[in-house]
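Dear colleague,

I am handing over the structure we spoke of, and I would be grateful if you could look through it alongside the notes below.

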Amino acid sequence: MSVFAGRAWDVVLDLNILPPTTVAQQKRMTVVNGRPVFFKSKKQNEAQASFYSTLEPYQLPDPITGVVELAVVVTWPWRAGDSKKVRALGWDWHSTKPDLDNWVKDLIDCMVRMRFIEDDAKVARCVSEKRRGDDVGVKIGIARLVR
């Protein structure tokens with residue numbers, strides 16, 4: 001058990017990456033034989049590859065089964081326009097794109113494909129935050145939920 005976000009978790013992942021800014025809902029479309037065909041852009045493929053390569057060293061021998069809870073804190077670097085006063089606080093809310101719910105969905109999809117959790121439908125609680133700050137990266141807590 002590890003402590004993160006004020007509670008104990010079965011697994012805590014601290015991913016030291018620059019979080020991607022693209023999400024799956026930004027898929028591209030073309031028309032082939034009069035029918036729409038959707039595909040991922042180069043940026044989306046790069047974002048997914050970043051998740052896979054960063055998650056790989058943390059791969060679990062078996063997925064966490066049953067109903068699970070996730071906590072996700074995503075921190076992007078400071079913007080050039082962020083004041084010294086705000087930077088002195090260590091972090092601030094990130095209130096621009098990408099949408100957090102879509103971003104977390106991409107992460108969960110990658111975690112399912114890599115067998116961290118058995119099924120995204122088993123995620124009963126997901127608490128997530130997006131920030132700008134000094135501690136750039138993604139921190140994830142995973143725990144089984146019991147009554």
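This is a predicted model: local features need pLDDT of at least 70, side-chain atom pairs count only at pLDDT 80 or more; totals for chains, interfaces and linings use all residues.

The protein chain has three helices and nine strands, and, read from the N terminus, its elements follow the order β-β-β-β-β-α-β-α-β-α-β-β. Taken along the principal axes, the box that the C-alpha atoms of the protein chain fill is roughly 55 × 45 × 30 Å. The protein chain has 147 residues, of which 37% count as buried.

Two packed helices are described by the angle between their axes and the distance between the axes. For helix α1, which covers residues 42-55, and helix α3, which covers residues 100-113, the packing angle is about 50° and the axes are 10 Å apart. At that angle α1 and α3 are oblique to each other, and α1 passes α3 in a right-handed crossing. On the side of α1 the contact is made by Q48, F51, Y52 and L55, while α3 contributes W103, D106, L107, C110, M111 and R113. Sorted by class, the contact of α1 with α3 comprises seven nonpolar, one polar and two charged residues.

One of those α3 residues, C110, leads on to the cysteines. How many disulfides does the model contain? The count comes to zero, on the rule that a pair of cysteine sulfur atoms must lie within 2.5 Å. C110 is in no disulfide, because its nearest cysteine sulfur, that of C126, is 14 Å away. C126 is likewise in no disulfide, with the sulfur of C110 as its nearest, 14 Å away.

P77 sits in the loop between β6 (68-76) and α2 (84-87), where it is partly exposed, with a relative accessible area of 35%. Although P77 and R131 are 54 residues apart along the chain, their C-alpha atoms are separated by 8.5 Å. When its neighbours within four places in sequence are left aside, P77 is in contact with L18, R132, G133 and V136. The other proline, P98, lies in the loop between β7 (91-93) and α3, and the peptide bond leading from K97 to P98 is cis, with omega near 10°.

In N33, phi is near 55°; N33 is placed in the loop between β4 (28-32) and β5 (35-39), and N33 is exposed, with a relative accessible area of 79%. In R115, phi is about 70°; R115 is found in the loop between α3 and β8 (123-133), and R115 is partly exposed, with a relative accessible area of 41%.

With kind regards

Definitions and conventions: Residues are numbered from 1 along each chain as its sequence is written. Side-chain values use heavy atoms; hydrogens and water are left out. Axes are lines fitted to C-alpha atoms, for helices over the stretch in contact, and angles run from 0 to 180 degrees between N-to-C directions. Helices (H or I, at least four residues) and strands (E, at least two) are DSSP runs, numbered from the N terminus. Angles under 35 degrees count as roughly parallel, over 145 as roughly antiparallel, 65 to 115 as roughly perpendicular and the rest as oblique. A crossing is left-handed if the near helix is turned anticlockwise from the far one by less than a right angle, and right-handed if clockwise. Contact means heavy atoms within 4.5 Å. Ala, Val, Leu, Ile, Met, Phe, Trp, Tyr, Cys and Pro count as nonpolar, Asp, Glu, Lys and Arg as charged, and the others, Gly among them, as polar. Buried means under 20% relative accessible area, exposed over 50%, partly exposed in between (1.4 Å probe, protein chains only).
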